[in-house]
Amino acid sequence: MTGRTHLIVSTGITLSVLSLWGQPVTLPAAAAAVIGSLLPDIDEPNSLLLQKTLPKKLIHIVKILLALLGLGLIVYARLTAFYPPYSYMAGGLMIAACLVNHRLFRQLLMILLGGVLLYAAVTFEAGPWWATIGALLMVCAVLPHRGLTHTIYGAAIWGGLLYFASLMLSVPLWLAGGLSYTLHLLCDVLTKQGIQPFPPFSWKWKIPLMSTGKFSGFLVESICITITFVLMWNAFVKPMGVSAFVILQQLKDRMTGM
Ligand SMILES: [Zn+2]
């Protein structure tokens with residue numbers, strides 16, 4: 001299933017269910033639902049979330065800057081005898097890191113970025129968000145695709161993190177984020193690969209109706225999107241129509257009453 005379909009189906013169904021259930025549909029809840037719908041695929045090199053947060057162009061720029069920095073360090077160490085040979089080694093490592101392939105470099109960058117965020121969160125007591133994002137980045141960078149993120153453990157960890165964030169920020173996030181994440185996993189059950197919900201047990205959940213990019217994929221994704229729109233219609237558009245009808249009726253009553 002494509003990232004776009006996951007985004008529409010998981011977010012749409014989550015917000016509709018919340019609304020039909022009488023829960024408040026707030027902007028933070030919607031944001032948690034959007035992230036939850038894409039987060040399981042963060043361990044996939046072409047995931048929508050990674051493409052948006054770390055696009056190829058940005059990585060190229062970072063690579064060039066890192067190589068220049070490494071070169072600069074070596075030249076500086078040569079001129080001023082700045083901690084040789086460690087400075088040469090560090091400069092060499094920085095240049096070598098730029099030569100690895102795109103995917104590996106992105107993983108290295110995610111680990112580094114995650115580490116910096118974690119360090120900053122602990123040092124400056126920046127709150128749970130930075131630490132959460134940092135830890136997530138580091139964990140996701142080293143996971144194999146459809147590894148931990150496509151399990152019940154992954155959903156529970158995400159739900160748990162959001163639950164504590166909800167308590168700390170006193171905004172309800174975990175229901176929207178957790179439901180959206182779970183819906184992503186359920187959608188992946190419909191694919192040929194399926195998911196392995198409780199590793200190391202090899203038990204698989206799989207209803208192989210579709211393969212992404214094939215006609216079967218187009219068909220199943222279209223059906224899922226249609227169901228989502230029907231739900232959203234019932235949750236958001238219909239109540240608007242009903243309340244408009246009630247207001248009109250009240251107006252009419254008032255006019256005839258006058
Ligand atoms: Zn997935």
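A residue is called buried when its relative accessible area is under 20%, exposed when it is over 50%, and partly exposed in between, using a 1.4 Å probe and protein chains only. Cys 187, at 7% relative accessibility, therefore counts as buried. The structure described here is a predicted model, in which local features need pLDDT of at least 70, side-chain atom pairs count only at pLDDT 80 or more, and totals for chains, interfaces and linings use all residues. Residues are numbered from 1 along each chain as its sequence is written, and side-chain values use heavy atoms, with hydrogens and water left out.

Let us begin with the overall picture. The protein has 10 helices and 0 strands; both are DSSP runs numbered from the N terminus, with helices (H or I) of at least four residues and strands (E) of at least two. The C-alpha atoms fill a box of roughly 95 × 50 × 30 Å along the principal axes. The radius of gyration is 24 Å, whereas a compact globule of 258 residues would have one near 18 Å; this radius is taken over C-alpha atoms, and the globule rule is 2.2 Å times the number of residues to the power 0.38. Buried residues account for 33% of the 258 residues. Contact means heavy atoms within 4.5 Å, and among contacts between residues at least 6 apart in sequence, 62% join residues at least 24 apart.

His 150 sits in the loop between helix H7 (128-142) and helix H8 (152-169), and His 184 in helix H9 (residues 174-189), so the pair ties together parts that are 34 residues apart in sequence. Both His 150 and His 184 are buried.

Helix H9 also holds Leu 185, which counts as buried because its relative accessibility is 3%. Leaving aside neighbours within four places in sequence, Leu 185 is in contact with Pro 40, Thr 149, His 150, Thr 151, Ala 155 and Ile 195.

Now for the nonpolar cores. Such a core is a set of buried Ala, Val, Leu, Ile, Met, Phe, Trp, Tyr and Cys residues joined through side-chain atoms within 4.5 Å. The largest has 24 residues, of which Leu 39, Ile 42, Leu 54, Met 110 and Tyr 181 touch the most other members. Apart from this core lies another, of 9 residues, including Val 9, Leu 183, Leu 190 and Met 210.

Finally, a search of the whole structure finds 0 disulfides, a disulfide being a pair of cysteine sulfur atoms within 2.5 Å. The sulfur of Cys 187 is 5.1 Å from its closest cysteine sulfur, in Cys 224, which is too far for a bond.
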